[in-house]
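Hi,

Here is the model we talked about. Have a look at it first, and then my notes follow below.

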Amino acid sequence: PRYCGETPLEADRRPRPLWTEAGSFKPLAVMRMILGAVLLAQGTSIRTADLMLRPGKEGAVRLEDLSLEEVGVAGQEKLQAARVLVIGAGGLGSPAALYLAASGVGTLGVVDHDRVDASNLQRQVLFDTASVGRPKVEAARERLLALNPHINVHEHDVEVRAATVMGLLRDYDIVLDGTDRLPTRYVVNDACVLFKRGTASEANN
């Protein structure tokens with residue numbers, strides 16, 4: 001689709017949204033963006049459009065790196081050394097955290113100050129019925145380690161505020177903001193600027 005007054009060439013050059021016209025989430029598009037940001041932060045130059053997620057030999061989703069000269073084994077090792085903070089384990093952060101874990105990002109931090117509710121289950125794919133009533137970060141850590149036991153997952157059961165955000169960002173390279181509250185997003189963005197951390201925001205408002 002084209003915006004009013006937009007030429008076909010301009011429409012073709014415009015970045016594609018991470019959501020479909022029907023409003024459904026496109027996790028692979030998000031993960032290409034995030035993994036590209038991780039690689040760039042680690043000193044590897046690659047277009048995010050070149051990243052693909054494919055089933056590995058044992059069925060786990062992994063980064064298909066061997067056919068990409070820009071990534072290769074060295075790039076995968078940099079992913080393993082990367083430290084990514086996922087803020088918000090809701091409908092946005094849940095699939096992103098799963099793909100990051102499956103792709104081999106070595107250290108993940110999950111920030112959420114809520115408990116799993118039954119109403120969350122239809123969109124927050126980190127959780128199942130056995131998770132209901134548990135702290136989200138606790139259930140998330142368990143699920144991510146079950147998917148990939150070779151990574152480190154840290155729980156941050158805190159509310160993201162100006163008084164807490166600095167301590168959260170200190171030990172991470174990349175921040176994935178999966179929140180849907182504007183005040184929280186502004187706080188996270190300000191902190192990323194101050195700490196010079198790369199950030200990827202999944203929200204579309």
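Let me begin with the inside. The largest nonpolar core has 24 residues, and those with the most contacts inside it are Leu-100, Val-105, Leu-108, Val-110, Leu-126, Phe-127 and Leu-144. By nonpolar core I mean a set of buried Ala, Val, Leu, Ile, Met, Phe, Trp, Tyr and Cys residues joined through side-chain atoms within 4.5 Å. Buried is under 20% relative accessible area, exposed is over 50%, and partly exposed is in between (1.4 Å probe, protein chains only). At least two residues of this core come from each of strand E3 (83–87), helix H4 (93–103), strand E4 (107–111), helix H5 (136–147) and strand E6 (174–177). H4 gives the largest share, 5 residues. Helices (H or I, at least four residues) and strands (E, at least two) are DSSP runs, numbered from the N terminus. There is also a second, separate core of 12 residues, with Val-165, Leu-169, Ala-191 and Cys-192 among them.

Before you go further, a word on the ground rules. This is a predicted model, where local features need pLDDT of at least 70 and side-chain atom pairs count only at pLDDT 80 or more, while totals for chains, interfaces and linings use all residues. Residues are numbered from 1 along each chain as its sequence is written, and side-chain values use heavy atoms, with hydrogens and water left out.

Now the overall layout. The chain has 7 helices and 7 strands, and from the N terminus on they run α-α-β-β-α-β-α-β-α-β-α-β-α-β. Of its 205 residues, 43% are buried. Taking contacts (heavy atoms within 4.5 Å) between residues at least 6 apart in sequence, 60% join residues at least 24 apart.

Among the buried ones are Gly-93, Pro-95, Leu-100 and Ser-103. Just after H4, Gly-104 takes a positive phi of about 95°.

How do H4 and H5 meet? Their axes come within 9 Å and cross at roughly 35°; axes here are lines fitted to C-alpha atoms, for helices over the stretch in contact, and angles run from 0 to 180 degrees between N-to-C directions. On the H4 side the contact is made by Ala-97, Leu-98, Ala-101 and Ala-102, and on the H5 side by Arg-143, Leu-144 and Leu-147.

His-156 is in strand E5 (residues 152–156) and counts as buried because its relative accessibility is 18%. Not counting residues up to four places away in sequence, His-156 touches Leu-85, Gly-109, Val-110, Val-111, Asp-112, Val-137, Leu-168 and Tyr-172. Ile-174, in strand E6, is buried too, with a relative accessible area of 4%. Ile-174 and Arg-83 are 91 residues apart in sequence, yet 6.6 Å apart in space, C-alpha to C-alpha.

Lys-196 has a positive phi of about 60° although it is not a glycine. Most residues other than glycine have a negative phi.

Cheers
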